[in-house]
Amino acid sequence: MQGARAILIAWLALVLAACVSVPDRPDVPAGAQVTARVDGFGDIRLWEDAPAEVWRAWREAMIAQRKEAGPTDRFEMLVISSGSDKGAYSAGFLNGWSQAGTRPEFNLVSGVSTGALIAPFAFLGSDYDPQLRDLYTQINADMIYRTTALKGLLGGTSLASTEPLAELIASYADEALIDAVAAEHRKGRRLLVQTTNLDAERGVVWDMGAIAASDSPARYDLFRKILLGAASIPGFFPPVLIDVQSEALQFAELHVDGGTTSSLVAIPPAVIFSRDEEIIEGRGRITVLYNGALEPVYRVTKPDAFTIMSRALTTALKTADQRSLAALRLYADGNGLKLDIYDAGDAGEDPDVDLFDQEFMRGLYEIGLQEALEAHPPAP
């Protein structure tokens, strides 16, 4: 199955699923969705499009905790996009940045889809570079999914099973890693991952450090479940059910890949950076690692239905991302913030490569590594 076509088939599966039987799920009032919480946890998530005052309160709590932990003279934010196997680019970039010796400690890291899987390693720093390198240069498709196309087309929830991916997540997101995330969270640093709540048609941003630092005995399982849901391409991979409670009503939400709502979570900068706080002009930077090509890539399109539709989908998603980053650029320029955006370029769009092809991923890894060394050369 070709990489571009796999993504397209995932979306087509949603249409097919509407024509066949699906597991029964009870109707839940829309109001219950708005106030639903994961039982046993506190404030561990926000709607991506929540009102400014909600995000402002979240930001103020983060800044207050940072002040208690130590100096707050700079703020470094890392944003890692979606991109499936193309996440190898970001993995290489982070490793290269470490080799240069100039990689900062990020105060906030956010990730979507494959970026969500990278984010914990990026958040915890260079000590986790070997695991990140292995994850994006040593794996193959068999370590991510098993195809179940017939089951999916006959009424199942997906065309593939993510049992291998769940096992992979459990192997690297072990208790030691999750406890390390919790320790950094208590210092005022933040790790954010986005899923998409399909019932609500909204992005959900999970504060992974708050999950890790909670007293709930279910914190390890929930941490891993969120990572799995964040990378579950709808239709191609099965959705993840998350049990929640709203007053006396208990139900399960249906969560899929965060890239369904947006390819990256650059939390509205006004939430993170504000002139009325210590993070002011000249002392903040946002680094975006985009796992793909941001600029148009000219390629003669084959005149068949799959190629035409997949090419159109790629174009639509890229255009939306360009607009999001343009808005982010305007904000950064208007507030004296540094914004660095790096992308994999043309090499990140090869329609003739199988998903999770090791040679392709290793090539992107090297591209990212070299670009980081060039962008952030070692101090003389």
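**Exercise 1.** In which loop is Ser 113 found, and is Ser 113 buried or exposed?

*Solution.* The model is predicted, so local features need pLDDT of at least 70 and side-chain atom pairs count only at pLDDT 80 or more, while totals for chains, interfaces and linings use all residues. Residues are numbered from 1 along each chain as its sequence is written, and side-chain values use heavy atoms, with hydrogens and water left out. Ser 113 is found in the loop between β3 (108-112) and α5 (114-124), where strands (E, at least two residues) and helices (H or I, at least four) are DSSP runs numbered from the N terminus. Ser 113 counts as buried because its relative accessibility is 6% (buried means under 20% relative accessible area, exposed over 50%, partly exposed in between, with a 1.4 Å probe and protein chains only). Although Ser 113 is not a glycine, it has a positive phi of about 55°.

**Exercise 2.** Determine how helices α4 and α6 are oriented to each other.

*Solution.* Helix α4 (residues 88-100) and helix α6 (residues 129-137) pack at an angle of about 150°, with their axes 9 Å apart; axes are lines fitted to C-alpha atoms, for helices over the stretch in contact, and angles run from 0 to 180 degrees between N-to-C directions. The two helices are therefore roughly antiparallel to each other (under 35 degrees counts as roughly parallel, over 145 as roughly antiparallel, 65 to 115 as roughly perpendicular and the rest as oblique).
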